[in-house]
Protein chains: 2
Amino acid sequence: MNYIELLKTTTDRYNSIVCLGLDPVLEDIPLDKGTPGERIAAFYEGILDRIVKEKVYPASVKPNYAFYAQYGFNGLQALHRIIGLYRAAGFPVILDVKRGDIGKTAEAYSREAFEFFGADAVTLSPYMGYDSISPFMKNFPDRGYYILNKTSNKSSGDIQDIDTRGEPVFLHVSRKILDWYHPGIGAVVGATYPEQLEKISAIFGASGKEVPLLIPGVGSQGGSVAEVMKVLASGDWRLHRINSSSAINYAYKKNPGMDYASAAVKALKELNDEIGACL
Amino acid sequence: MNYIELLKTTTDRYNSIVCLGLDPVLEDIPLDKGTPGERIAAFYEGILDRIVKEKVYPASVKPNYAFYAQYGFNGLQALHRIIGLYRAAGFPVILDVKRGDIGKTAEAYSREAFEFFGADAVTLSPYMGYDSISPFMKNFPDRGYYILNKTSNKSSGDIQDIDTRGEPVFLHVSRKILDWYHPGIGAVVGATYPEQLEKISAIFGASGKEVPLLIPGVGSQGGSVAEVMKVLASGDWRLHRINSSSAINYAYKKNPGMDYASAAVKALKELNDEIGACL
């Protein structure tokens, strides 16, 4: 099964397009036994148990490498373990690494993500061009490769919005994604920029090619689910993923008296429902 | 001592501006005992011993993360060990990670590079803008931060050369580097594009700010030392680093009968001499 099929299959199976970000912030994890890595692994095992028990599912999960790597080997061991657990439970894993290097180096990064960690998809930076993307697609042709396109952060415009004779840089990147097309290549587009999302979606839609979007920025960053869904619903929305991390991970903070895993699953269900109501 | 001072001090101490890339390719390492990580660590320990013994020095070393990460924990343990050994021997370490993520994630990456691995400098991607650079400078104000500017690879123009009303994207990135200025911020510019190097160097020179360049692409990639030095010699060349990896690491292949460490040191000396002859 290639990545496009995996996305559609899991959307149907889980009745969800939510990507659950697994971004551990140690001081927000209400478990205090063991090393940082052990606490992180236990935290996400708790959420996974609750997901399975309550039958409230995400469509994918997305650990961000940085949050684990800051704790050294101990953190990366937790990452390895969590990826294994969520994949074994049937959830595709997008490893958010934003790699961007060339040739042999890109090949090495592709082995790190797909062989060592066993991820289904990665995030990649386009700045170094096709040399930094193609080794991932060539060596692991059935995975997902989300290219940073228009990111959700405040200063994303510093480079991405530079005007190039009437068109910003990020739309050139969208066209490059089409030039570089291989099934499974996708784009990261922030929910915080709905107009830009619409433009990018229109370019991909007009191409006739299936380009899965990974959309961060709803929840704490302020992006609107309704605005995102208005864009996605014009095409095959099952291809896409809306990411939420801290609003689900640490939902216990807004649910006094509720255990962290139940609060996380409650927040996941609310986001699934909010998206479902837009369809 | 801040990073600018460290660069000048080490240039003077070692009479070199060579950055020795530590990029392990397992099949090229002529040692066959132990795990991949053990073979890699032994290989670079052998070169370090020879460097110290023959008193032929690089000015910095630059391990590329990808080559280690592909072997999982075992490879990253080798990376951690090698960084510790070269730093203890007095060589500044540029950790080539090309990170590019925002806010808390960038903070986590800065801790990975500077706390966990103990590097002196990192490489960073500019695509996500200032949010992805500033946490490194804010949390670790005395280190080096090399921003990808015009990279040495064939497809670097895909994004970096997009024309923006008469000027390519990479020159905007050069100006952003000046906007974002903090002592230690630098730029990665490939030796394979000497005209672009000259333009970037002119922008930095005109600003009056000290912007260290990290210049890959000589040796196997085909960049010319003489052309690079013509540009560098117009300013304070002690700030800059010319990187060479495989041509030094695997010089034994071109020196039949010579042990790998002696061949590496011989190639390092030749590059130091070639650079020195241009001054």
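Hi everyone, let's start with how the two chains sit together. Chain A can be laid on chain B by a turn of 180° with a shift of 0.0 Å along the axis, and the RMSD is 0.0 Å. The two copies are therefore related as by a two-fold rotation axis. Please keep in mind that this is a predicted model.

Which residue of chain A comes closest to that axis? That is A:Thr164, with its C-alpha at 2.0 Å.

Now to the interface. Here 46 residues of chain A are in contact with 46 residues of chain B. On the chain A side, α3 (65-69), α4 (72-88), α5 (103-116), α7 (157-160), β6 (163-164) and α8 (169-179) each supply at least two residues. The most comes from α5(A), which gives 7 residues. If you like to think in residue classes, the side of chain A that touches chain B has 19 nonpolar, 16 polar and 11 charged residues. And 100% of the interface residues of chain A are also interface residues in chain B, so the copies meet through the same surface.

Let me move on to the sheet in chain B. You'll find an open sheet of 8 strands with parallel pairing, and its order is β2-β1-β10-β9-β8-β5-β4-β3. At the edges of this chain B sheet stand β2 (60-63) and β3 (94-99); each has a single partner strand, so one side of each is left without a neighbour in the sheet. From one strand to the next, the twist averages 30°.

To zoom in on one pair, β5 (residues 144-150) and β8 (residues 185-189) of chain B run parallel and are joined by 5 bridges. One to look for on your screen: B:Tyr146 has B:Gly186 in β8(B) as its bridge partner.

Notes
Residues are numbered from 1 along each chain as its sequence is written. Chains are lettered from A and ligands numbered from 1 in the order in which they are written. This is a predicted model: local features need pLDDT of at least 70, side-chain atom pairs count only at pLDDT 80 or more; totals for chains, interfaces and linings use all residues. Two strands pair if DSSP finds at least two bridges between them. Helices (H or I, at least four residues) and strands (E, at least two) are DSSP runs, numbered from the N terminus. Axes are lines fitted to C-alpha atoms, for helices over the stretch in contact, and angles run from 0 to 180 degrees between N-to-C directions. Copies are superposed by least squares on the C-alpha atoms of residues with pLDDT of at least 70 in both. Two residues are in contact if their C-beta atoms, placed from the backbone, lie within 7 Å. Ala, Val, Leu, Ile, Met, Phe, Trp, Tyr, Cys and Pro count as nonpolar, Asp, Glu, Lys and Arg as charged, and the others, Gly among them, as polar.
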